[in-house]
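Subject: Structure for you to look at

Hello,

Here is the structure I promised to send. Please open it and keep it beside this email while you read.

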Amino acid sequence: MLRLPLLFFLFLSSAPFFAQDGEKRLLEADSLYDLKEDEKAFQEYEKAVAAFRESGNYLLMAKAVERQARIYNRLSQREKAVALLNEKAPILAKEIPGTFELGRIYNFQGYVLTRTDQIGQALTAYENALLQFQAADQFDDSVIFALKEAAQLCIRNLEYERALTFLRAAENEIENSRYRFNIFNSFFLSYYYQGDYQAAKNYFQKAEAAIARPKDSNKLHRTGFLLFKELEDFQGARESFNTLQQFDADSLMLLNYEAQLAEWEGNTSNSEVLYQAYFDGLEPLLTDKSRENAKLLCELGDHYLSKGQIPKALELFHLAVIQVYPTFDNSDIYSIPNRSQAQQESWAMTSAHKKAKALYLVFGESRNLKDLNLSCQYYRLALASAEEVRRAYRSDQAAVALAEFGYNWIEDALQAQYELYAKTGSPEDLEAIFNWMERNRAGVLAESIQRNRNSELLNIPDSLVLAEKELRQQLLAARLQDAPNTDHIDSLQNAYTILNRTIQSEYPDWERYLSSFKPVSLPDLQQFLQKKEASMMLYFWGAKKLYCLQIHGRGAEMHSPKGIKEIDQSARNFLGFFENRQAIANDPSAYAQRANQLFKLLELDKLPAPENLWIIPDGLLNYIPFEALLTASAESTDPSNWPFLILEKNIRIGVSASLTAQHFSVPKEAGKVLAWAPEFSKRERGLEPLPQSVAEVQSWGDTEFVKMETGDQCTWTAFQKDVPQARIIHLATHARVNPKTLDPEIEIIDKTLGLSELYQMEYPNSLIILSACESGLGQYRRGEGLMNLNRAFTYNGAQTVIASLWNVNDAITSRIMQHFTNRVMDKEESSQALREAKIDLLRDLSISPDKKTPYYWAALTYNGPEFRYQQKGFDYRLLILGLGVLIGAWLLRRWMFKT
């Protein structure tokens, strides 16, 4: 019985001994460390760690562990340092959370992970360090170091906005910091790589004033030279070059810049001599692989490519690929790394793309399919690496920027793949074309929609999913403010990043939740279309060509019509008829000619038989009312008799083929119809009254399933309360694109709702009807599509959106919507309901021909999958119960009869 108390007493009495022994050993180890007697120091630190752990002094244990890791680093044994910190950090995190000492452990973990090219883990470590520093409420150079390093990693991963978040957190605290230059230099780089050269020049000057060492000057002016070249400031570039010479900068870099200056001055022969000397000096360094080598090789390759020396450029791009694919060392120009080697490295993506482009140019001269096939393979390798880079992002804005950045080389890849398919007719090449057209299309929106659909399938608590979604929505909304508060944005970004990193460490499914979207395969899409008795036209609007991929249940055909300039001009001429309501009526024959011409240019005359048609537009086609195109020439001036495409096809617009084929789960609860007509009868906030809008929303009827609000009832408070419970949301109001910000806005009685408000709401599996002017317009971002109201609603759960492409007529729109609502309440499919409502208008003899032109009815477009409204879901359990009761009654009656 006395054993346990005795052991406890012995432990308590020995704890001070272990503590004193640990402190003594720590002092001895520190002395040895300062003398650089690393082996002896490491052993003493090891003993100190054991003593501190025994005594429970984890704060001093953290200091000893950090010094051990620093010894490994000093001995260039960084993998051992990583292993040591990976082992000890979780122990310390459990015992001393929220302490400055734990922050230093994570800081050094980030440092060694960076030096071993484990970029994603390094960024996580720095974020963990900042979390500890924040909890400890301490701010010194250790914090600035973490912010500086995290920003540099973001710059390396092309996440410039995220880098600026870290930098702004440090900017006001660096007056006396030794990292002052580094912070300003990182600001300069972030703005330079984003193409904001004036902001870059501003921070270049701040960094130049903060230079403390020759190495700082070298670091600044090596990119400063490139900035001045972009600004076409020859004198500035020459001064940067002279500064680099003065401080004895890297001789190879000087050769490169001297060659560029010679070329700039028109001294071509001297420039070529210098470029060759530059390559000769670079070649011996290639035995040690590095991303910096890949960058230099790509820059040199670009020079030779611009001079038409394609074989030389190809050789350099191949050497660049070798530098960034770790296990690839094949010097054969026709070899290629395995796609499984794709990694989170921007130069892996870039070098593969550049080599692919050079191979395509080689094919242009050789006409050898081997060159073209390898070019396509390298483009696929570049895509795989781009996907790895994108996977590291935790910012929608960064992902959109990457999509826009990669759009041009997506077109290069598509051109090569299309040419290969034209020669081989291979199904594999057609599948590759589909992947290229689909991969860079609305990826951010697709991932958000997939999160909304899949969160319930993963082993993640609902509270965490909700917390992530709310923070993401707040961050997006903050960025969309007319006057963004950068401090607030930075605070939200840090909170969002920390939340993701924290949850990911506990829930392996979290990564799947964040990036769960996978594009549909072409065979699966064909199967989907066959089941729906539909066809699809998928477009890619490039700088040189328009690509059309026509897909249906029996197969797919690829087309590349005439040059983009002719199609662009034809589309603009056609859209010109919708700038005012009289344009079509004033010249019906010109409209008919343009509408039929564009119909043919867009290859729509080659459509197969199915009545249902999905169109996935791109570029300028996002603004085209496809229903208003003419399938043949018009013989009459009466629009009632024109062969509109709407008469042959039920058209639905999608943002991507993959989202079209995704399944929406219908909520168990039917949900209400929320019908709103602010009306603006008192011209609130200077807005024109909409007298027909009340009749429009009243067409939903007066039932328990409909909640109708008009006039002063249509407030922001009511909107926030009622929207999440609605299955159908009908807003008969004003909308527009803000002329200053180019962002879309929609009006309610007491507020203008912009994207910042709409992104904060939830619209679960709903149909959104925006019978308002310009509700479908917004900025076009290459790779993501229109940043319009449709996107804002869909991003947070809406299934389908009906929106307008120009200023709609109040009376005619009200009439169309009344016919539409009657059909939907009769359980007709919503796309067909909208189509029939428009056709009813064309056939109505009481309406004059001038009110039947497409200006009046074609503005409203159907965006999204099919929607069918059920007021009450049928409960099959009641049927089974009812049958059971009937059978029981029948058996009871038989028994009673026999008795």
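**Helix pairs**

Start with helix H10 (residues 197-209) and helix H11 (residues 214-230), which pack at an angle of about 150° with their axes 11 Å apart. The crossing of H10 and H11 is left-handed. On the H10 side, the contact is made by Tyr197, Ala200, Lys201, Phe204, Ala207 and Glu208. On the H11 side, Leu220, His221, Gly224, Leu227, Phe228 and Glu230 take part. Seven residues of this contact are nonpolar, two are polar and three are charged.

One caution before you go on: this is a predicted model.

Why give an angle and a distance for each pair? Two packed helices are described by the angle between their axes and the distance between the axes.

Next, go to helix H3 (residues 58-74) and helix H4 (residues 78-95). Their axes come within 9 Å and cross at roughly 170°. Angles over 145 degrees count as roughly antiparallel, so H3 and H4 are roughly antiparallel to each other. Which residues meet here? H3 brings Tyr58, Met61, Ala62, Val65, Gln68, Ala69, Tyr72 and Asn73. H4 brings Arg78, Lys80, Ala81, Leu84, Leu85, Lys88, Ile91, Leu92 and Glu95. By class, the contact of H3 with H4 has 11 nonpolar, two polar and four charged residues.

Now take helix H7 (residues 141-156) and helix H9 (residues 180-194). They pack at an angle of about 20°, and their axes are 10 Å apart. Angles under 35 degrees count as roughly parallel, so H7 is roughly parallel to H9. H7 and H9 make a left-handed crossing. From H7, the contact uses Ile144, Lys148, Gln152 and Ile155. From H9, it uses Asn182, Ile183, Ser186, Leu189, Ser190 and Tyr193. Five of the residues in the contact of H7 with H9 are nonpolar, four are polar and one is charged.

Most residues other than glycine have a negative phi. Two residues are worth checking here.

Arginine 367 is not a glycine, yet its phi is positive, near 60°. Arginine 367 sits in the loop between helix H17 (346-366) and helix H18 (369-391). Its relative accessible area is 45%, so arginine 367 is partly exposed.

Glutamate 603 is not a glycine either, and has a positive phi of about 65°. Look for glutamate 603 in the loop between helix H29 (588-601) and strand S4 (612-616). Is glutamate 603 buried or exposed? The cut-off for buried is under 20% relative accessible area. Glutamate 603 is at 9%, so it counts as buried.

Histidine 734 lies in the loop between strand S8 (726-731) and strand S9 (735-737). With a relative accessible area of 15%, histidine 734 is buried. What does histidine 734 contact, leaving aside its neighbours within four places in sequence? The list is Phe680, Leu687, Glu688, Leu690, Ile746, Glu747 and Ala772. Histidine 734 and valine 808 are 74 residues apart along the chain, and their C-alpha atoms are separated by 9.8 Å.

Threonine 287 is in the loop between helix H14 (268-282) and helix H15 (291-306). Residues over 50% relative accessible area count as exposed. Threonine 287 has 67%, so it is exposed.

Aspartate 826 is in the loop between helix H35 (810-825) and helix H36 (830-843). Aspartate 826 counts as exposed, at 64% relative accessibility. Aspartate 826 and arginine 868 are 42 residues apart in sequence and 9.6 Å apart in space, C-alpha to C-alpha.

**The whole chain**

Finally, zoom out. The chain has 38 helices and 16 strands. Of its 899 residues, 57% count as buried. The accessible surface of the chain comes to about 39800 Å², and 50% of that belongs to carbon and sulfur atoms. Take the contacts in the chain with a separation of 6 or more: 71% of them are between residues 24 or more positions apart.

Best wishes

Terms used: Residues are numbered from 1 along each chain as its sequence is written. This is a predicted model: local features need pLDDT of at least 70, side-chain atom pairs count only at pLDDT 80 or more; totals for chains, interfaces and linings use all residues. Side-chain values use heavy atoms; hydrogens and water are left out. Helices (H or I, at least four residues) and strands (E, at least two) are DSSP runs, numbered from the N terminus. Buried means under 20% relative accessible area, exposed over 50%, partly exposed in between (1.4 Å probe, protein chains only). Contact means heavy atoms within 4.5 Å. Accessible areas come from the Shrake-Rupley method with a 1.4 Å probe; for residues, only the protein chains shown count as cover. Axes are lines fitted to C-alpha atoms, for helices over the stretch in contact, and angles run from 0 to 180 degrees between N-to-C directions. Angles under 35 degrees count as roughly parallel, over 145 as roughly antiparallel, 65 to 115 as roughly perpendicular and the rest as oblique. A crossing is left-handed if the near helix is turned anticlockwise from the far one by less than a right angle, and right-handed if clockwise. Ala, Val, Leu, Ile, Met, Phe, Trp, Tyr, Cys and Pro count as nonpolar, Asp, Glu, Lys and Arg as charged, and the others, Gly among them, as polar.
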